[in-house]
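Let's work through this structure together, one question at a time. Each answer sets a value beside the rule that gives it its name.

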Amino acid sequence: MTGPVQFIQGEWVAGEGHTFVSLDPAKNQQVWQGAAASVAQVNAAVAAARAAQYNWSLQSFDERLAIVKAFGEQLAAKKEVLAGCIAEETGKPLWETRTEVAAMIGKIDISVRAYQERTGTKENPMPQGKAFVRHKPHGVVAVFGPYNFPGHLPNGHIVPALLAGNTVLFKPSELTPKVAELTVKLWQQAGLPAGVLNLLQGEVETGKALASHDDIDGLFFTGSSRTGHILHQQFAGRPEKILALEMGGNNPLLVQDVADIDAAVHDIVQSAFISAGQRCTCARKLFLPANEQGDRILARLLDVAANIKVGLYDDEQQPFMGSMISVAAAKGMLAVQDELQKLGGRSLLTMKHLKPDTALVSPGIIDCTDIQDFPDDEHFGPLLKVFRFTDFDAAIDAANRTSFGLSAGLLSDSAELYEHFFRRIRAGIVNWNRPITGASSAAPFGGIGKSGNHRASAYYAADYCAYPVASVELDRVQLPEQLSPGLKF
Ligand SMILES: NC(=O)C1=CN([C@@H]2O[C@H](COP(=O)(O)OP(=O)(O)OC[C@H]3O[C@@H](n4cnc5c(N)ncnc54)[C@H](O)[C@@H]3O)[C@@H](O)[C@H]2O)C=CC1
Ligand SMILES: O=C(O)CCC(=O)N[C@@H](CCC(=O)O)C(=O)O
């Protein structure tokens with residue numbers, strides 16, 4: 001019998017499904033154990049969310065905000081505990097998980113601004129009466145989270161959804177159940193009414209039961225393109241439900257004409273290797289000119305990348321890179337490196353498994369210029385693929401040769417070149433002389449192609465959390481000043 005890990009109708013109860021565990025990937029220790037939610041428990045949670053929804057939506061925005069702010073205070077009070085928990089369960093270094101918790105706290109004020117600006121009430125006078133645009137919540141929504149930002153990214157759906165008056169069923173990644181449990185406990189302490197937020201822990205089967213439930217009004221998903229596409233198929237023929245998909249990327253970074261080589265290399269490293277390459281926005285492909293400047297950048301990049309400190313999340317001298325999420329993920333990246341070498345890639349800095357029973361790997365860089373028919377897959381780890389080019393436009397075409405379209409960037413001292421690049425590149429996030437990771441919560445966040453379904457998150461999450469209601473209103477019934485032809489009163 002495992003502990004109470006499901007939060008349904010304001011009560012912590014044990015799961016009725018099979019037991020699963022969560023491991024500290026850097027130290028190979030078990031940190032959590034629990035039983036998955038059964039189908040009956042998924043049904044009970046959906047019923048609880050449905051029962052709570054009307055009253056939650058009837059509360060004024062300020063009443064809902066007071067509870068969301070109380071959650072923010074809980075986050076601030078427990079920030080070190082939560083940062084420690086994220087580090088332990090993902091292997092990300094503490095310096096980084098502290099920024100994740102700070103982003104969760106920052107999300108609250110930003111979501112209030114977004115709610116008011118994007119979905120607030122608008123009023124316009126009319127010849128008779130007034131026209132209003134108001135917004136209503138969809139109702140009961142499911143939130144699916146990824147493992148790489150187990151706090152910040154689900155929070156980016158949950159906070160705006162609750163503010164708008166929805167009730168939520170949260171299905172976290174099965175790789176990060178402990179972070180989810182701690183976060184939901186903070187919501188509970190903030191005084192969220194029973195049923196408004198329910199936690200359904202489990203693996204794919206729990207996800208399937210929730211996603212296919214008839215009584216949810218929508219699903220907000222952040223995760224892999226593969227799962228997002230499965231969900232999209234599941235939602236086919238159900239146009240009444242809203243589906244927001246934030247998925248992976250295969251993101252290019254181009255370099256041309258830069259004076260400060262170290263600054264360029266810094267932005268490349270931040271783009272490719274932060275979070276051990278486990279960000280959807282990470283640069284996967286680096287396009288470098290096949291000239292003397294390109295050679296100098298590459299040489300410096302190899303030098304800096306070879307010296308990146310990889311280590312444990314709680315090392316006193318903090319590493320830049322912690323571990324990957326699991327030993328399986330680490331082995332998967334090493335297999336990708338082997339595969340690319342077989343296809344004709346030339347390893348310039350070989351990614352290594354640093355300790356076999358952990359997910360600690362070193363960064364890798366591989367020259368893939370000579371690979372014909374380069375595979376269009378997202379490789380979610382610290383392996384950067386380099387392509388040398390002689391023609392900038394051909395490099396942009398190659399960068400666009402992907403079915404994804406999340407982030408892209410140019411490092412160049414030429415504003416004219418950036419203007420040209422911006423016009424031609426296809427992505428939802430396009431940066432100039434900045435890393436392509438580290439997107440702002442105060443901007444929309446989403447991609448095109450296989451990276452999303454045109455429902456951008458972050459600042460625009462407000463849009464998919466509520467639907468607009470247009471009204472024309474007059475405070476008493478009145479004959480119009482001008483009657484339609486053929487009418488006589
Ligand atoms: N565009 C964005 O905003 C972001 C995208 N990501 C992407 O997320 C991925 C990494 O996260 P993962 O946790 O591996 O994603 P994942 O797709 O494996 O899992 C995400 C969630 O979906 C659930 N799930 C998996 N298969 C399911 C199914 N058949 N039916 C219903 N639910 C299912 C999982 O249990 C988990 O809760 C990367 O591809 C990354 O690019 C990560 C962060 C941000
Ligand atoms: O949702 C937000 O508030 C902004 C999006 C964000 O924080 N993006 C991060 C993480 C994306 C990822 O998981 O890869 C980023 O751009 O680095």
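UniProt positions are given in the numbering used here, feature names are shortened, and annotations may be inferred rather than shown by experiment. This is a predicted model, in which local features need pLDDT of at least 70, side-chain atom pairs count only at pLDDT 80 or more, and totals for chains, interfaces and linings use all residues. Residues are numbered from 1 along each chain as its sequence is written, chains are lettered from A and ligands numbered from 1 in the order in which they are written, and side-chain values use heavy atoms, with hydrogens and water left out.

Q: Which residues does UniProt list as "active site"?
A: The unreviewed entry lists E246 and C280. They are spread over 35 residues of sequence, yet they cluster in space, with a largest C-alpha distance of 9.2 Å. Both E246 and C280 belong to the lining of the largest pocket.

Q: Why is E246 called buried?
A: Buried means under 20% relative accessible area, exposed means over 50%, and partly exposed is in between (1.4 Å probe, protein chains only). E246 has 5% relative accessibility, so E246 counts as buried.

Q: What makes C280 buried?
A: The value for C280 is 15% relative accessibility, and therefore C280 counts as buried too.

Q: Where in the chain do E246 and C280 sit?
A: Helices (H or I, at least four residues) and strands (E, at least two) are DSSP runs, numbered from the N terminus. E246 is in strand β11, residues 242-246. C280 is in the loop between α9 (261-273) and β13 (283-289).

Q: Which residues does C280 contact, leaving aside neighbours within four places in sequence?
A: Contact means heavy atoms within 4.5 Å. The partners of C280 include N148, M247, E378 and F445. For E246, not counting residues up to four places away in sequence, the partners include H157, F221, F445 and Y464.

Q: What makes a space a pocket?
A: On a 1 Å grid over the protein atoms alone, a pocket is an open set of points with protein on both sides within 12 Å along at least five of seven lines, whereas a cavity is a set where a 1.4 Å probe fits but cannot get out; lining residues have an atom within 4 Å of a point. Grid points are joined across faces, edges and corners, and a volume is the space filled by probe spheres set on the points. The largest pocket has a volume of about 1000 Å³. Of its 37 lining residues, F221, G223, S224, R226 and T227 are the closest to its centre. Helix α8 gives the most to this lining, with six residues.

Q: How do the residues of this lining divide?
A: Ala, Val, Leu, Ile, Met, Phe, Trp, Tyr, Cys and Pro count as nonpolar, Asp, Glu, Lys and Arg as charged, and the others, Gly among them, as polar. The lining of the largest pocket has 17 nonpolar, 12 polar and eight charged residues.

Q: Which residues does UniProt list as "binding site"?
A: The unreviewed entry lists G223, S224, S225, R226, T227 and G228. From this set, G223, S224, S225, R226 and T227 are in the lining of the largest pocket.

Q: Why is R226 called exposed?
A: R226, in helix α8, has a relative accessible area of 62%, so R226 is exposed.

Q: What makes T227 partly exposed?
A: T227 is also placed in helix α8. Its relative accessible area is 28%, and therefore T227 is partly exposed.
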